[in-house]
Amino acid sequence: MPVRSILVSILLTALPLGALALDEPSPALKERIARLALKQWEFGAVSLLPVTFTGSGLAGPFAEDGHTYFCVTTRMKGRTFGGAEHVRIALRYAGDRLTRMPGGDVCAYHRPRPFPELTAIGNAR
């Protein structure tokens, strides 16, 4: 038996199942995340110019330091002339409440999956 498979089996038996992966967020929670992200200035909430969103992504939920986090990313066009901006924020989810975390250091190594809710809501306004 290769060493790699032995290590994986030890890891799987040592960790509780909840520590490996958290549940996919519900559609209602995804909408709340999108609406909160769109209220942030990074996502063009106070922009005088109209912005459009492409390539939005959501990473999470994932646990770090005993808290549950989500990371929201998108590409915005329209606020700067000529180029697209890549923005990212971290949100903490605790007790059915979402709060914005300062800085995006939590999100540095998490790969987002497509987040069409943000693109649809953002482009509809």
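This is a predicted model: local features need pLDDT of at least 70, side-chain atom pairs count only at pLDDT 80 or more; totals for chains, interfaces and linings use all residues.
1. **Confidence.** Residues 5–21 fall below 50. Beyond near neighbours in sequence, that stretch has three contacts in the model. For the protein, the mean pLDDT is 79. A pLDDT of 70 or more is reached by 82% of the residues. Read the region of residues 5–21 with those values in mind.

2. **Layout.** The protein has four helices and five strands. Along the sequence they follow the pattern α-α-α-β-β-β-β-β-α. Contacts reach across the chain: of those with a separation of 6 or more, 59% join residues 24 or more positions apart.

3. **The sheet.** In what order do the five strands lie in the sheet? The order is β4-β3-β2-β1-β5. The sheet is open, and its pairing is antiparallel. Strands β4 (97–101) and β5 (113–114) are the edges, each pairing on one side only.

4. **A pair to trace.** Strand β2 covers residues 67–77, and strand β3 covers residues 84–94. They pair in the antiparallel sense over 10 bridges. For a landmark, find Y69: R92 in β3 stands opposite.

5. **Helices on the sheet.** Which strands does helix α3 lie across? Helix α3 (residues 27–38) lies across β1 (52–64), β2, β3 and β4. Its direction makes an angle of about 35° with β4. Helix α4 (residues 116–124) lies across β1, β2 and β5. Its angle to β1 is about 140°.

6. **Salt bridges around E24.** Side chains of opposite charge can pair when their charged atoms come close. The whole structure contains five salt bridges. One of them joins K30 and E24, at 3.1 Å from N to O. Is K30 buried or exposed? K30 counts as buried because its relative accessibility is 15%, and buried means under 20%. E24 has a relative accessible area of 49%, so it is partly exposed.

7. R113 counts as partly exposed, at 26% relative accessibility.

8. **R32 and D96.** Where do the two ends of this salt bridge sit in the chain? R32 and D96 have their closest N and O atoms 3.1 Å apart. R32 is in helix α3, and D96 is in the loop between β3 and β4. They are 64 residues apart, so this pair, too, links distant parts of the chain. R32 is partly exposed, with a relative accessible area of 35%. As for shared partners, salt bridges join E24, K30 and R113 into one network.

9. **Burial and surface.** The protein has 125 residues, and 32% of them are buried. Its accessible surface comes to about 8,000 Å². Carbon and sulfur atoms account for 60% of that surface.

Definitions and conventions. Residues are numbered from 1 along each chain as its sequence is written. Side-chain values use heavy atoms; hydrogens and water are left out. Two strands pair if DSSP finds at least two bridges between them. Contact means heavy atoms within 4.5 Å. Axes are lines fitted to C-alpha atoms, for helices over the stretch in contact, and angles run from 0 to 180 degrees between N-to-C directions. A salt bridge is a side-chain nitrogen of Lys or Arg within 4 Å of a carboxyl oxygen of Asp or Glu. Buried means under 20% relative accessible area, exposed over 50%, partly exposed in between (1.4 Å probe, protein chains only). Accessible areas come from the Shrake-Rupley method with a 1.4 Å probe; for residues, only the protein chains shown count as cover. pLDDT is the predictor's confidence in each residue, from 0 to 100.
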